[in-house]
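Trainee: I am new to this structure. Please take one part and walk me through it closely.

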Amino acid sequence: MVEKKAWLPVYSSPRPGGTPAANGFHQTAGSPVDTKHEGGSDFCAATMKDFCTGKEWRKLSTVWKLLVLVVIGGIGIYMCMVGVGTRQFSYEPFEELVVKDWRREDDSCAGHGSSVDFYQHYPLPHTYERKECTCTPVHYFVILSMQRSGSGWFETLLNNHPNISSHGEIFSVRERRENFSSIQRNMDMVFNLDWMNSAAKNECTAAVGFKWMLNQGPMEYNRDVMDYFERMGVSVILLLRRNVLKRLISIMANAYDRRVKPLNGTHKSHVHSMEEALKLAEYKPVIDVKRLPENLQRVEDMANDAQRFFKNTRIRIVYYEDLVMHPERLNEIQEFLGVPPRKLESLQIKIHTRPLSEQIQNWDEVLARLKGTKYEVLVNDDDYT
């Protein structure tokens with residue numbers, strides 16, 4: 001009786017003289033083929049069956065047993081790592097905590113400021129240290145206004161003061177005002193002295209704020225904004241323009257400049273040379289007289305609504321014409337903001353300085369349309385402001 005021997009498969013290149021076995025493995029020359037286990041699947045199934053029953057496991061040496069355990073352990077660790085990598089975690093509570101804790105104040109400085117009629121804050125910026133000015137009190141303010149009402153010129157005057165930082169029209173970017181949470185987050189950054197731009201005075205800022213157009217959120221979210229102003233002690237400067245007809249001319253001229261760009265292909269809302277001002281003043285708009293009184297009334301209604309919405313804040317109503325004709329009134333604004341008054345200057349040059357009759361193409365139609373209305377007084381306003 002001939003004893004049959006089982007040969008393990010060899011995963012190697014065939015030696016010279018070797019022939020491929022029927023099970024797909026290479027067999028060395030002269031080695032017999034076990035016909036009972038020709039199929040690789042039959043062989044593996046039989047081998048696993050022996051391992052499961054423990055017959056082959058008991059025959060293995062201690063080294064082989066350790067090797068098998070290491071392989072099994074490695075596979076288990078890999079599966080755990082893959083599971084952790086694909087698991088979803090929620091970081092929302094942490095993000096909410098960061099948002100709520102954006103504003104920080106140094107409580108040890110309370111009472112260092114002088115007695116005033118407005119809130120004094122001692123912010124601790126995340127982006128730098130205030131050093132020797134840590135206990136310098138900071139007053140929060142907002143300039144509420146409408147486009148082409150002199151707010152850009154007014155803000156450059158405020159930023160000429162070494163202790164005032166007004167950060168411009170921050171909500172001109174739509175994403176920053178998509179909801180009140182976004183609005184509050186950006187206001188917190190400004191008031192915590194973490195809004196970095198050319199207006200930032202950093203350490204020794206004593207009054208910090210920004211410019212906010214009425215059509216960029218404060219009217220839409222007026223209740224939330226009002227609550228925030230009252231809670232944070234934000235003072236409001238409402239800058240308006242009495243001659244709404246001149247404001248309309250400025251808006252139309254600015255829209256033309258944005259479209260045509262007559263200054264070497266560049267749009268400029270404000271200019272710093274007389275040559276540029278004269279060039280932009282060449283444009284004379286044609287005004288739609290049919291709806292002119294209604295358009296002017298709409299502007300006045302928005303200004304009246306703003307006064308009504310924010311009347312319970314610490315508010316100062318300022319008119320552009322008064323600042324142009326009486327520059328000394330800037331001292332009152334500085335006192336309102338809690339900084340020592342000083343002479344303020346701006347490099348901006350006024351664009352429209354000619355009489356209204358020389359700024360409008362269809363002047364006669366405008367004159368006739370406004371005659372007998374409450375706006376008739378506007379056409380006689382030749383103070384060039």
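Mentor: Start with a term. A crossing of two helices is right-handed if the near helix is turned clockwise from the far one by less than a right angle, and left-handed if anticlockwise. Keep that for the helix pair below.

A word on the source: this is a predicted model. The chain has 385 residues, and 37% of them count as buried. Its secondary structure comes to 13 helices and seven strands. Take the contacts in the chain with a separation of 6 or more: 71% of them join residues 24 or more positions apart.

Now the helix pair. Two packed helices are described by the angle between their axes and the distance between the axes. Here the partners are H6, residues 180-191, and H7, residues 222-232. Their axes are 11 Å apart, and the angle is about 25 degrees. Angles under 35 degrees count as roughly parallel, so H6 is roughly parallel to H7. The crossing of H6 and H7 is right-handed. H6 brings Phe180, Gln184, Met187, Asp188 and Phe191 to the contact. H7 meets them with Asp224, Val225, Tyr228, Phe229 and Arg231. By class, six residues of this contact are nonpolar, one is polar and three are charged.

Next, look at strand S5, which spans residues 207-213. Seven of its seven residues are buried, so S5 is largely enclosed by the rest of the structure. Check both faces. One side holds Ala207, Gly209, Lys211 and Met213, all buried.

S5 has strand partners. Strand S3, residues 139-145, pairs with S5 in the parallel sense over seven bridges. In that pairing, His139 stands opposite Ala207. Strand S4, residues 164-166, also runs parallel to S5, and three bridges join them. There, Ser165 stands opposite Val208.

Finish on one residue of S5, Lys211. Its relative accessibility is 7%. Buried means under 20%, so Lys211 counts as buried. What does Lys211 touch, not counting residues up to four places away in sequence? The list is Ile143, Ser151, Gly152, Glu155, Ser166, Gly168, Glu169 and Ile170. Find Lys211 in the model, then pick out these contacts one by one.

Key: Residues are numbered from 1 along each chain as its sequence is written. This is a predicted model: local features need pLDDT of at least 70, side-chain atom pairs count only at pLDDT 80 or more; totals for chains, interfaces and linings use all residues. Side-chain values use heavy atoms; hydrogens and water are left out. Buried means under 20% relative accessible area, exposed over 50%, partly exposed in between (1.4 Å probe, protein chains only). Helices (H or I, at least four residues) and strands (E, at least two) are DSSP runs, numbered from the N terminus. Two strands pair if DSSP finds at least two bridges between them. Axes are lines fitted to C-alpha atoms, for helices over the stretch in contact, and angles run from 0 to 180 degrees between N-to-C directions. Angles under 35 degrees count as roughly parallel, over 145 as roughly antiparallel, 65 to 115 as roughly perpendicular and the rest as oblique. Contact means heavy atoms within 4.5 Å. Ala, Val, Leu, Ile, Met, Phe, Trp, Tyr, Cys and Pro count as nonpolar, Asp, Glu, Lys and Arg as charged, and the others, Gly among them, as polar.
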